[in-house]
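Here's a quick tour of a protein fold, put together for someone just getting started. Take a look at the sequence and the 3D view, then read on.

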Amino acid sequence: MTARILIVAGSDSGGGAGIQADIRTVTMLGGHPMTAIAAITAQNTQGVSAVHAVPTDMVIAQIDAVADDIGVDAVKIGMIGSPETAGAVADRLARMTGVPIVFDPVMIATSGSVLADAGTIAAFDRLMAIATVTTPNLPELAALGGDAKAIVARTGRAVLVKGGHADGTTIVDRLVTPEGEMRFEGERIDTVHSHGTGCTLASAIAAGLGAGLALDEAVARARLFVRIALKEAPGLGRGHGPMGHAAVRLDIAGTAPMLNQMTVGATDQAASVAFYDALGLTRIVDAPGRYARFESAGGATLSVAAGEAGGVYLECADPDAAAARMAAAGYAVEAPATEQRWGWREAWLRDPGGNRVCLYRAGENRRFPPWRLG
């Protein structure tokens, strides 16, 4: 069943963050986005020029309309508009027993514009108390008291501390829960086109929770979504531009294997490369005479390997478990899941027709390896 994700947030007229980013994220992850708009902003990539808070009763009316008819599997809360709305939303969502809630305590836009006044920030405690996880960046965490473990101890709820504002080439996000702490690390992506990263991450987590993923799994998938969207940013505007949500496409492994990559053998590798160049595919990896990888318009990739048999590559969230499941069903596993030097974890099988089948996990390295062309 399609996960039904309710988004309570503000509208971004520039389309980079807020409701607009939330809708694109949930849609790309296979969910159904529903909205309760709490504020309307006039903004672009350079800043926010005006904010209009939607009346509290209208925000609650939007929540009631979708919850009473369509139903809700998870909630994402972003820009909330006013202290009154924060309290009313907390009261209304508290009645949704068992529904996971992701609270992104939006205070300042990427451009530096203020999106929550002191009274609204003071009301955030009500929302943190009902949230499955709260996702502050470092400045927001400081405004909330500066100590994630203290928040977890006080509320009994998880906090994901986003480390993007810290110095260094490696970004560390910390998921702090009553059970302990988990760290997620990734190389910093150098770009100014990062408008809406927080909104996107929170909505992606909500989409994962709504689909039944555990919190750590939802966070890991959401981080991958954000990283690929940053790399696919279209470069719009003169300031902090939007990310490329629509170009993430097939890179996020779901609960079932997805066909993302195929390899074909070549007796004349140069001739095969020229053929796929002429066909209009985009060459993204090239080792002349040996190997080339192409990207199709849909995001799937095709590799040409000199002298090798072809293979079908199925992206799996857990190739070890997928290979074990096939072995239990009586199919021979040609090679168990192992880490490859190019950053993929692969297990190999053969289908009854003799075709090689790879069950793998690669994430952003599938289309964005360090040696990608261009």
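Which residues in α2 meet which residues in α3? On the α2 side they are Thr 56, Val 59, Ile 60, Ile 63, Asp 64, Ala 67 and Asp 68, and on the α3 side Glu 84, Thr 85, Ala 88, Val 89 and Arg 92. Keep in mind that this is a predicted model.

**α2 with α3**

- The axes of α2 and helix α3 (residues 83–94) come within 9 Å and cross at roughly 25 degrees. That makes the two helices roughly parallel, because angles under 35 degrees count that way.
- The crossing of α2 past α3 is right-handed.
- Sort the residues in this contact by class and you get six nonpolar, two polar and four charged.

**α1 with α8**

- Helix α1 covers residues 18–28 and helix α8 covers residues 197–210; their axes come within 8 Å and cross at roughly 40 degrees. So α1 and α8 are oblique to each other.
- This crossing, too, is listed by its hand: α1 and α8 cross in a right-handed way.
- From α1, the residues taking part are Gly 18, Ala 21, Asp 22, Thr 25 and Val 26, and they meet Cys 199, Thr 200, Ser 203 and Ala 204 of α8.

**α8 with α9**

- α8 also pairs up with α9: the axes come within 8 Å and cross at roughly 140 degrees. That makes α8 oblique to α9.
- Once again you're looking at a right-handed crossing, as α8 passes α9.
- On the α8 side, the contact includes Thr 200, Leu 201, Ala 204 and Ile 205, while the α9 side includes Leu 215, Ala 218, Val 219 and Phe 225.
- By class, this contact has 12 nonpolar, three polar and two charged residues.

**The nonpolar cores**

- The largest nonpolar core has 38 residues, and the ones touching the most other members are Leu 6, Val 75 and Val 89.
- Helix α2 (residues 56–69) gives the most to this core, with five residues.
- Leaving aside residues up to four places away in sequence, Leu 6 touches a whole list of partners, among them Met 34, Ile 63, Val 66, Val 75, Leu 93 and Met 96.
- Another core lies apart from this one; it has 36 residues, including Ala 3, Ala 74, Val 219 and Phe 368.

- His 240 sits in the loop between α9 (215–231) and β10 (258–266). With a relative accessible area of 30%, His 240 is partly exposed.
- Along the sequence, His 240 and His 193 are 47 residues apart, yet in space they are 4.8 Å apart, C-alpha to C-alpha.
- Arg 183 belongs to strand β9 (residues 180–187). Arg 183 is partly exposed as well, with a relative accessible area of 48%.
- Not counting residues up to four places away in sequence, Arg 183 touches Val 172, Asp 173 and Arg 174.
- Arg 183 and Leu 160 are 23 residues apart in sequence and 9.5 Å apart in space, C-alpha to C-alpha.

Conventions. Residues numbered from 1 in each chain as written. Predicted model: local features only at pLDDT ≥ 70, side-chain atom pairs only at ≥ 80, totals over all residues. Heavy atoms only, no water. Axes fitted to C-alpha atoms, helices over the stretch in contact; angles between N-to-C directions. Helix = DSSP H or I, 4+ residues; strand = E, 2+ residues; numbered from the N terminus. Parallel < 35°, antiparallel > 145°, perpendicular 65-115°, else oblique. Left-handed = near helix turned anticlockwise from the far one by under 90°. Contact = heavy atoms within 4.5 Å. Core = buried A, V, L, I, M, F, W, Y, C linked by side-chain atoms within 4.5 Å. Buried < 20%, exposed > 50% of the residue type's maximum accessible area, 1.4 Å probe, protein only. Nonpolar A, V, L, I, M, F, W, Y, C, P; charged D, E, K, R; others polar.
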